[in-house]
Amino acid sequence: MKTRSACLTGVGKIEVRDREITPAPDEILVKTHLAGVCGQDKNLYNGLIPPSGGLNTEMRTAFGYPYFFGHEGGGTVVEVGERVRRFAPGDRVMSFAWVETYSEHFKAREDDLEPAPEGLDPDLACLGEPVGCAIFSGLMSQIQLGDVVAVFGMGFAGQVMAQVARAKGAFRTIGVDVVQGKLDLALELGLDVAVNGARDDPVAAVLEVTRGQGADVVVEMAGTEEALRMGTASVKHNGTLVFYSWVTQDVTLNISRWHNNSLTVINTGLVHHGVLQRRIWTPMALRPLIQGQLKIEPLITHSYPLEEIDRAFATAAGDPAAIKVVVRPEAG
Ligand SMILES: [Zn+2]
């Protein structure tokens with residue numbers, strides 16, 4: 001069928017093109033309701049790909065221009081191939097893979113999708129992957145009642161994590177970012193202490209809140225060497241460092257601190273396990289969302305039609321108040 005899709009044609013260059021997509025017998029055709037802009041998409045837009053050279057198992061095709069992209073999103077199934085059993089036309093689905101969601105329609109295999117939970121707002125259901133990943137990380141983080149939790153990187157995932165930490169009974173949540181607008185929103189949504197790393201020393205701030213002990217749990221959600229370094233320096237003895245991000249460059253890190261202070265290092269990634277594990281964990285990860293225990297709507301700060309996707313990326317990169325920027329192909 002004919003559709004319109006956004007594709008990268010060079011570093012920082014994006015174009016919406018007419019395109020023909022034909023689902024294979026094992027594929028599902030989805031009409032896109034909403035597609036999110038993720039830090040990973042911004043990296044691709046800026047020409048940054050992981051050291052694995054674009055053959056990252058997450059990515060469906062090796063990276064090269066022109067590159068059709070978008071992995072967050074969802075919509076309604078319009079057609080299924082003859083070998084598809086798990087989904088039928090009319091089903092609402094959310095994407096968990098690199099299925100090129102910046103498009104009026106996208107095609108996916110059964111394993112790329114999860115059914116949208118019953119009763120969940122359609123916008124939030126389309127963000128099932130980023131929300132689910134961040135909540136899953138929070139559930140796996142070992143955050144306990146009474147902990148001091150420091151989150152490095154207050155983008156979308158960091159915002160969700162700070163809320164999860166609070167809901168799990170953290171005594172104090174500390175958010176670190178260099179963009180004041182992100183910190184301001186986090187404070188409005190319940191963050192206890194905001195540290196602007198462009199102005200103040202985040203490690204010193206964490207030590208001050210914890211009387212020199214360090215945080216019980218530090219969550220790295222920025223994907224930078226600096227965040228990993230400062231995070232490593234901010235965990236208390238025997239504390240926990242939670243690693244979340246997609247890191248596009250090799251990093252140098254004092255991991256002797258992991259050893260000497262016997263840190264527990266947890267690598268959390270809902271989408272980085274087997275598909276069957278993901279299928280079991282996704283409903284668990286999205287349960288707090290369906291139950292209304294987190295405030296996700298205020299995190300959707302900007303919305304653009306597909307034709308203005310270049311503006312969506314400019315906003316995601318440059319607007320200090322941007323948390324989750326979304327593209328709505330249905331908006332014409
Ligand atoms: Zn993402």
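Modeller: A helix is a DSSP run of H or I that holds at least four residues, and helices are numbered from the N terminus. With that in hand, one can read this predicted model. Helix H3, for instance, spans residues 128-140, and Met 140 lies in it.

Biologist: Is Met 140 buried, partly exposed or exposed?

Modeller: The word "buried" is kept for a relative accessible area under 20% and "exposed" for one over 50%, with "partly exposed" in between. Met 140 has a relative accessible area of 33%, so this residue is partly exposed. Together with Leu 139 and Met 284, Met 140 makes a nonpolar surface patch of about 210 Å².

Biologist: Which strands does the salt bridge between Glu 27 and Lys 107 link?

Modeller: The side chains of Glu 27 and Lys 107 meet at 3.6 Å, N to O. Glu 27 sits in strand S3 (residues 27-36) and Lys 107 in strand S7 (residues 105-109), 80 residues apart. Glu 27 counts as buried because its relative accessibility is 8%, whereas Lys 107, at 26%, is partly exposed.

Biologist: What is the N to O distance between Glu 114 and Arg 86?

Modeller: The distance in that salt bridge is 3.1 Å. Here a strand is linked to a loop: Glu 114 is in strand S8 (residues 113-115), and Arg 86 is in the loop between strand S5 (74-80) and strand S6 (92-95), 28 residues away. Glu 114 is buried at 3% relative accessible area, while Arg 86 is partly exposed at 26%. Salt bridges can also share partners, and in this way Arg 4, Asp 18 and Glu 307 are joined into one network.

Biologist: Which residues are the protein donors of the zinc ion?

Modeller: They are Cys 38 through SG, His 71 through NE2 and Glu 72 through OE, at 2.2 to 2.6 Å from the ion. Along the chain these donors follow the spacing C-x32-H-E. Cys 38 lies in the loop between S3 and helix H1 (39-45) and His 71 in the loop between strand S4 (67-68) and S5, so the pair ties together parts that are 33 residues apart in sequence. Both Cys 38 and His 71 are buried.

Biologist: Which residues touch the most other members of the largest nonpolar core?

Modeller: A core is read as buried nonpolar residues joined through side-chain atoms. The largest one has 47 residues, and Val 149, Val 160, Val 219, Leu 289, Ile 296 and Leu 299 touch the most other members. Several elements each supply at least two residues, among them helix H2 (122-126), H3, strand S9 (148-152) and helix H4 (156-167). H4 gives the largest share, seven residues. Beyond its neighbours within four places in sequence, Val 160 contacts Val 131, Ala 134, Ile 135, Leu 294, Ile 296 and Leu 299. Another core, of 23 residues, lies apart and includes Ala 6, Val 16, Leu 306 and Ala 322.

Methods: Residues are numbered from 1 along each chain as its sequence is written. This is a predicted model: local features need pLDDT of at least 70, side-chain atom pairs count only at pLDDT 80 or more; totals for chains, interfaces and linings use all residues. Side-chain values use heavy atoms; hydrogens and water are left out. Patches are made of residues with over 30% relative accessible area and no salt bridge: like charges are joined within 9 Å, nonpolar side chains (Val, Leu, Ile, Met, Phe, Trp, Tyr) within 5 Å. Accessible areas come from the Shrake-Rupley method with a 1.4 Å probe; for residues, only the protein chains shown count as cover. A salt bridge is a side-chain nitrogen of Lys or Arg within 4 Å of a carboxyl oxygen of Asp or Glu. Buried means under 20% relative accessible area, exposed over 50%, partly exposed in between (1.4 Å probe, protein chains only). Donors are N, O and S atoms within 2.8 Å of the metal (3.2 Å for Na, K and Ca); water is not among the atoms, so sites may look incomplete. A nonpolar core is a set of buried Ala, Val, Leu, Ile, Met, Phe, Trp, Tyr and Cys residues joined through side-chain atoms within 4.5 Å. Contact means heavy atoms within 4.5 Å.
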